Amino acid sequence: SDRWDDFKGIDLKGKVALCLVNQPREVDSDGSAAFGGSNAPLSYYGRWAYKLEELRRRQADGVFLLHTDEMAGYGWNVIKSGAFVDSLELRGSEKDRENALLLRGWLNSKVLEEHVDSGMVERMVRSANSKAFQPHALGSVKMEVAAEIGQRKLSGLNVVGILKGKSNPKEVVMMTAHFDHLGTRNVSNGDADGADDSGREGDGSDESGVNQEPQQEVYHGALDNAAGVGKLLAIARVFGKLSASGTCCARSLVMLSPTAEEAVLLGSTHYASNPSAAALSKVVGVLNFDGMNVWGKTRDQVALGSQHNTLGEVFTHAVHAEKMSVSHDIMPLQGLFFRSDQLPFARKGVPALKLTHGRRFERAQLLMAGEDLGVAVGGGPRRMMSMQEAEQKYFNQTVGEYQANRYHQPSDSFEYVESLPDAYSGAMQEMRVAMRLVYGLLQSRMRPRWNSTEFLASAEATRSERERMR
């Protein structure tokens, strides 16, 4: 991508790669800024899932992904939570099994610097930000890995429902919301987190040195993604009643709740390759629900992917009808479009959006009323906080706090939602926008299309078939 080649012809067969996540963001020695520079949205090529795909294609034996909070977009606590549950893969072909990585994992940058070189990570990042980067063996780094590995076969379940359209039933609007989360795990020490920020595990004892009985922690997944499933079911119920009354709808509505989203979108990936409710060429658009706004009303709404396909136009009409404005990705450096169940459908050429909230929370104005929250400029007298500053501060205190401390943690719970001062007014805004968007697509003859195919080449590959259907 962007005429960028990190491999320079190196043979990775039989080797283990140490790989950075994210993408080059610094200005190169020739003055160019690949991938748009430091503040550009994360591309698919920056996602660690893509890097695993590419290393499999190059027949590497394994990979360690180097973690920093900035490059990954989340803390080491998220990595730890994923490490205590099964690593899942779809059953593939014999060729897929031959190209499987024998070893994959994350390496904590703090541990690497502590045991190898305190400036090593900074030098690696600086080197990798240049097109002149040359891959090389880390002769000074030796690692010994011992692990007991078990394997079992599981049967997953995607839940699919369909509400048949009346005058144009072969064309389909699809809603998706994954129903899985991380399950449970046993904690054997006094630290409910299971490990400190350096990645070291506890020894199974409390501060007195007394061994403690393992305790089970539940990863509730209230926002990720019980909230999204609730949104899907509520909308489906409304359209079921409209259909029964004869007032809706022309097109069919498919509800898909896939499994194993947390295992890198396995359920939706399988469905996109094996659609059962309708051929993908008949799906006019996919709307994905993952999470919900529980922090109060916003003045704006966001649909990830809206600037890249014409579903965004329908979304804009729905938002404006609710007297709000449209904003683009509120966390562009994290590549959120590539981290949820709309992605496998986009890769197959289907226009898709992930609906989410904005960042201009109405409750931010409460911060402006607090005298102690004023802003001091250059050591001078404090002045009243601007609305933009208040909105950013409120966002950090709410959404930012959730991302840092509750995302993929046991504390993402119903008790957390209920503890919030205004948990449902913002959620209702999202519901109303989603209802208008779904209704507009079900009743129209509009065929959404991609404005660009920069996401994935397969969107272009299926466009000709979709054009023939118009």
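## Terms and basis

Two strands count as paired if DSSP finds at least two bridges between them. Strands (E, at least two residues) and helices (H or I, at least four) are DSSP runs, numbered from the N terminus.

This is a predicted model: local features need pLDDT of at least 70, side-chain atom pairs count only at pLDDT 80 or more, and totals for chains, interfaces and linings use all residues. Residues are numbered from 1 along each chain as its sequence is written, and side-chain values use heavy atoms, with hydrogens and water left out.

## The sheet

β1 pairs with β2 (residues 62-67) in the parallel sense, over 5 bridges. Within this pairing, Cys19 stands opposite Leu65 in β2.

The open sheet has 3 strands, ordered β1-β2-β3, with parallel pairing. Its edges are β1 (16-20) and β3 (103-108), each pairing on one side only. From one strand to the next, the twist averages 25°.

## Helices on the sheet

Contact here means heavy atoms within 4.5 Å. Angles run from 0 to 180 degrees between N-to-C directions, and axes are lines fitted to C-alpha atoms, for helices over the stretch in contact.

Helix α3 (residues 76-83) packs on the sheet and touches β2 and β3. Its direction makes about 150° with that of β3. Helix α6 (residues 120-128) also packs on the sheet, touching β1 and β2. The direction of α6 makes about 85° with that of β1.

## Confidence

pLDDT is the predictor's confidence in each residue, from 0 to 100. The protein averages 86, and 85% of the residues score at least 70.

Over residues 192-201, pLDDT stays under 50; the model has 29 contacts beyond four places in sequence for them. Residues 371-378 also stay under 50, with 17 such contacts.
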